[in-house]
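Biologist: Pick one part of this model and take me through it closely, please. I'd like the surroundings too, with the cut-offs spelled out as you go.

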Amino acid sequence: MNNQEQFDEAVNKKANEMMYSFQSQHASLLENSIKDALNTLELTNENLKAKVKELESEIDQLRIEKSIIKNEASNLFQTYLEENRQELTDFTINEYLKKLALTHLQSGKSLEDICFWLNVEPKFVENIIDIIDRKADYSHSILEQKHYVSEHNPRLKYESHGRSGEIIFTNDQTTFKLW
């Protein structure tokens with residue numbers, strides 16, 4: 001073996017020893033880092049499990065409170081219905097009688113017939129007639145307020161072309177189509 005070979009072998013040996021020493025040091029550092037991370041992860045998981053248990057008990061408590069509130073609301077509603085049953089029944093019957101009287105009035109039945117059929121006083125039906133008249137007067141006044149005369153006599157027309165069509169605008173001055 002010549003000097004060059006001996007030198008190369010010594011360098012390789014020294015490099016391998018240094019590499020092994022370097023790897024050993026870093027392996028122990030890496031191992032310690034991984035152990036620390038695992039310990040932190042286990043601690044975090046334990047904290048998370050404790051928080052989950054705490055939240056589950058809180059959810060159970062809220063479910064119990066919700067059930068209590070539902071029961072109280074149901075009891076309050078039942079109490080209200082029992083206390084106001086007659087008033088609610090009278091109101092409902094009165095509303096149905098109003099609707100029936102209105103239907104008969106709209107179909108041209110006489111006041112006397114409606115009073116006889118529904119077993120109500122004439123004043124009941126007369127009040128409905130007053131409401132109809134007020135509504136008609138109001139509607140008529142609104143239409144009069146909205147009525148205006150426009151310039152140039154505008155008109156709209158629609159021409160159908162199967163699945164499509166055209167809107168035609170015409171006035172005294174121009175005509176155009178929109179599709």
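Modeller: Let's start from Y158, which has its place in strand 1; strands here are DSSP runs (E, at least two residues), just as helices are runs of H or I with at least four, and both are numbered from the N terminus. Before going on, bear in mind that this is a predicted model, where local features need pLDDT of at least 70 and side-chain atom pairs count only at pLDDT 80 or more, while totals for chains, interfaces and linings use all residues. Residues are numbered from 1 along each chain as its sequence is written, and side-chain values use heavy atoms, leaving out hydrogens and water.

Three strands make an open sheet in the order 1-2-3, with antiparallel pairing (two strands pair if DSSP finds at least two bridges between them). Strand 1 and strand 3 are the edge strands, each pairing on one side only. On average, neighbouring strands are turned by 20 degrees against each other, direction ignored; the axes behind that are lines fitted to C-alpha atoms, for helices over the stretch in contact, and angles run from 0 to 180 degrees between N-to-C directions. Strand 1 and strand 2 (residues 164–170) are joined by seven antiparallel bridges, and K157 stands opposite I168 of strand 2.

Back to Y158: it counts as exposed because its relative accessibility is 53% (buried is under 20%, exposed over 50%, partly exposed in between, with a 1.4 Å probe and protein chains only). Y158 also belongs to a nonpolar surface patch with L156, I167, F176 and L178, together about 530 Å² of accessible area. Such areas come from the Shrake-Rupley method with a 1.4 Å probe, and for residues only the protein chains shown count as cover. Patch members have over 30% relative accessible area and no salt bridge; nonpolar side chains (Val, Leu, Ile, Met, Phe, Trp, Tyr) are joined within 5 Å, like charges within 9 Å. Strand 1 (155–161) and strand 3 (175–178) each supply at least two of the patch residues.

E166, in strand 2, is another story: at 18% relative accessible area, E166 is buried. Beyond its neighbours within four places in sequence, E166 is in contact with K157, Y158, E159, H161, K177, L178 and W179 (contact means heavy atoms within 4.5 Å).

Two residues on that list also meet each other: E159 forms a salt bridge with K157, the closest N and O atoms 3.7 Å apart (a side-chain nitrogen of Lys or Arg within 4 Å of a carboxyl oxygen of Asp or Glu). E159 itself is partly exposed, at 27%.
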